[in-house]
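I opened my notebook for a friendly walk through this one.

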Amino acid sequence: MNKQILGVGVVIIVLTAIGLEISYREIISYGFSLMLITVGLAAFFGTLALPGSVDPDGTFRERSVRLSITATLVVVYIVYFGTTVFWKEELSTLEEQMISTLTTLLAIVLPF
């Protein structure tokens, strides 16, 4: 297994754990949102930094950028879905709509 991929996975898990702890203890009111943003950024830049994603002239390859966007959406969806469904006893209307919207967005983005 590539060490860089393993490193990105570890960073995402650590950021998720920190965000959940901040949200649970209510240290700051936007802890859950901050967790999703940092996980998304770590997933995007982590997958964009994979070997072979840069052309010899220093530009990013189109397929690498597409992969990074797709991977980011999938990771954020999994983290959001997992934390809202398994950590909360009851989902609000907004959370149900977010899950529905993210599911539709993933269904559109994944084939491309």
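For the charge count I took Lys and Arg as positive and Asp and Glu as negative, leaving out His and the chain ends. On that basis I found 6 positive and 9 negative side chains in the protein chain. The centres of the two sets lie 13 Å apart.

Next, a reminder to myself: this is a predicted model. I looked up the confidence and got a mean pLDDT of 80 for the protein chain, with 94% of the residues scoring at least 70. Helix α1 (residues 3-25) has the lowest confidence, at a mean of 76, while α3 has the highest, at 85.

Then the fold. I counted four helices and zero strands, and the C-alpha trace spans about 50 × 30 × 25 Å along its principal axes. Of the 112 residues, 29% are buried. I also checked the contacts between residues at least 6 apart in sequence: 55% of them join residues at least 24 apart.

Last, the rings. How many aromatic pairs does the structure hold? I found two. Phe 44 and Phe 45 have ring centres 5.1 Å apart and planes at 80 degrees, so I noted this pair as edge-to-face. Phe 44 is partly exposed, at 22% relative accessibility. Tyr 77 and Phe 81 are stacked, 5.8 Å centre to centre with 20 degrees between the planes. These two residues sit four apart in helix α3 (residues 62-87), so about one helical turn separates them. Tyr 77 counts as buried at 17% relative accessibility, whereas Phe 81 is partly exposed at 31%.

Technical notes
Residues are numbered from 1 along each chain as its sequence is written. Side-chain values use heavy atoms; hydrogens and water are left out. Rings of Phe, Tyr and Trp (its six-membered ring) pair if their centres lie within 6.5 Å; planes under 30 degrees apart count as stacked, over 60 as edge-to-face and the rest as tilted. Buried means under 20% relative accessible area, exposed over 50%, partly exposed in between (1.4 Å probe, protein chains only). pLDDT is the predictor's confidence in each residue, from 0 to 100. Contact means heavy atoms within 4.5 Å. The place of a charge is taken as NZ of Lys, CZ of Arg, CG of Asp or CD of Glu.
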